[in-house]
Amino acid sequence: MEWFDRLVFTFFNAGVAARYLPDIVKGMGVTVALGLCVVAAGLVLGLLLAVLRTLHRPWLTLPIVAFADILRALPPLVVIIVLFFAFPYIELSMSSFTATWIALSLVLAAYAEESIWAGLLALPRGQSEAARSTGMSWWRTLRFVLLPQALRIAVPALTNRVISITKNTALGSVVALNEVLNNAQSASSNAGNPTPLTLGAVAYLIIFLPVVLGARWLETRWRWKR
Amino acid sequence: MDAILQNFFNLAVYRDVFGFLLRGLWTTVWLSLLVIPIGAASGLVIAVAATQTRRRWVRFLLAAYVDFFRAFPPLVLLIFIYYGVPFLGIDLPKLMAVAIGFMLNNSSYYAEVFRAGIESVPGGQAEAARSTGLTRMQALRHVVIPQATRNVLPDLVGNSIEVVKLTTIASVVAIPELLRVARDAQSLVYNPSPIVLAALMYLALLWPLVRWLSRLEHRHVQAR
């Protein structure tokens, strides 16, 4: 059983775990706060862009499509690094939290815009024509008839995106943001033992497993209701 | 404006580092070509096992595996493997750590895609194939999986694009892919132009793929 003791000592060391638990918990606070900020800003911006696109003005549509394409093509870590390491050279310094928040929000907005727009396109033309012919304004048609249906169609794509982009908060560790992964890494190098990394892994599961299961539940519920 | 040109689009710096970054881009490409087939193949195996078995505990274990790695940030997984495993006295080359981390993470995503594909093929297809005398494996291989793959082709392409973007996290364990060499170049020339050039290279590589994916999705919706 020597290897077993070694495994426990290395990855599940109670002494090390107790010493560094507060760091990990603090990191969880940062990860959750960042995740919530990203989801809020990203979804609102994405929705706004999709609505603007329904105006069918080329000078609006073109920049929106370019924005969505570029942020879906660029790796999120590259966006974070450009914001954090390159922007200070043009007098635009920001904290690692702000850089990660802006980068991930923009990426989420790009995907959300595409999903919501796809949802709007999937609706039959008759929906908007009927609403307009009852005398509803463009805005009321969008607000009460088109968007509620489009959002329902977009939900599975949106939940998947939200999960994968909030998980990317771990990328903040590359710009020394004091979230779970960063704290776990510095703790494990201080301790000379990877137990804090195990704690970090457990912390991520505590945060994200409910999200993944919740998304699964939401998707099945949606399917049943149709 | 001048500061932007000087620091983001400095042509003199671009000329100096272009060859260096191109080698990084090449590493990104072959790293992707290594991990995408591994992830897709293991995902397909998981999906086939999960949809074909009648044992509930096997289904449960596979679903748990998929959810576990979907909930786990890939960077956390990579760091855990790269920094944790050597503590056990096992010497793990960094490329191996990346390959294992990507396999665990990607296989769960590909498994979800393939599972949706297999479930989208009507049961009558497999039954008809079986009644012509094909074995179960043959029916899967020649009838069910080809249709399943075609039904979820946009998702497979989308997933693979995400994997290419994900190779940037290999920079954290010092694999000299595009992002890593760009950051090394930046610290050599004291100018962030190499990072911006790397971003442009990622765009050049991935934008056509993103456009192609959009068209693929559009055609797919219309074909239904």
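In the predicted model, Val16(A), Tyr20(A), Asp23(A), Ile24(A), Lys26(A), Gly27(A), Met28(A) and Thr31(A) of helix H2(A) meet Val180(A), Asn182(A), Asn183(A), Ala184(A), Ala187(A) and Ala191(A) of helix H8(A). By class, this contact of H2(A) with H8(A) holds 8 nonpolar, 4 polar and 2 charged residues. Two residues are in contact if their C-beta atoms, placed from the backbone, lie within 7 Å. Ala, Val, Leu, Ile, Met, Phe, Trp, Tyr, Cys and Pro count as nonpolar, Asp, Glu, Lys and Arg as charged, and the others, Gly among them, as polar. Helices (H or I, at least four residues) and strands (E, at least two) are DSSP runs, numbered from the N terminus.

Residues are numbered from 1 along each chain as its sequence is written, and chains are lettered from A and ligands numbered from 1 in the order in which they are written. As the model is predicted, local features need pLDDT of at least 70 and side-chain atom pairs count only at pLDDT 80 or more, while totals for chains, interfaces and linings use all residues.

Helix H2(A) spans residues 14-53 and helix H8(A) residues 180-191. Their axes lie 8 Å apart, at an angle of about 160 degrees. Axes are lines fitted to C-alpha atoms, for helices over the stretch in contact, and angles run from 0 to 180 degrees between N-to-C directions. H2(A) and H8(A) are therefore roughly antiparallel, a term for angles over 145 degrees. The crossing of H2(A) past H8(A) is right-handed, meaning that the near helix is turned clockwise from the far one by less than a right angle.

Chain A and chain B each give 34 residues to the contact between them. On chain A, helices H1 (2-11), H3 (58-73), H4 (76-86), H8 and H9 (195-225) each supply at least two residues of the side that touches chain B. H9(A) gives the largest share of that side, 9 residues. The side of chain A that touches chain B comprises 26 nonpolar, 5 polar and 3 charged residues.

Chain B contains 10 helices and 0 strands. The C-alpha trace of chain B spans about 70 × 50 × 25 Å along its principal axes. Of the 224 residues in chain B, 42% are buried (20 or more other C-beta atoms within 10 Å of the residue's own, with C-beta atoms placed from the backbone). Among contacts in chain B between residues at least 6 apart in sequence, 76% join residues at least 24 apart.

Val66(B), Phe69(B), Arg70(B) and Ala71(B) are the buried residues of H3(B).

Helices H5(B) (residues 94-120) and H8(B) (residues 153-166) cross at roughly 165 degrees, and their axes come within 10 Å. H5(B) and H8(B) are therefore roughly antiparallel. Their crossing is right-handed. Asn106(B), Tyr109(B), Tyr110(B) and Val113(B) of H5(B) meet Asp155(B), Leu156(B), Asn159(B) and Val163(B) of H8(B). This contact has 5 nonpolar, 2 polar and 1 charged residues.

Ala97(B) also lies in helix H5 of chain B. Ala97(B) counts as buried because it has 23 C-beta neighbours inside 10 Å. Leaving aside residues up to four places away in sequence, Ala97(B) touches Leu78(B), Ile81(B), Tyr82(B), Leu92(B) and Val173(B). Val173(B) is 76 residues from Ala97(B) along the chain, and their C-alpha atoms are separated by 9.0 Å.

Definitions and conventions:
Buried ≥ 20, exposed ≤ 12 C-beta atoms within 10 Å, placed from the backbone. Parallel < 35°, antiparallel > 145°, perpendicular 65-115°, else oblique.
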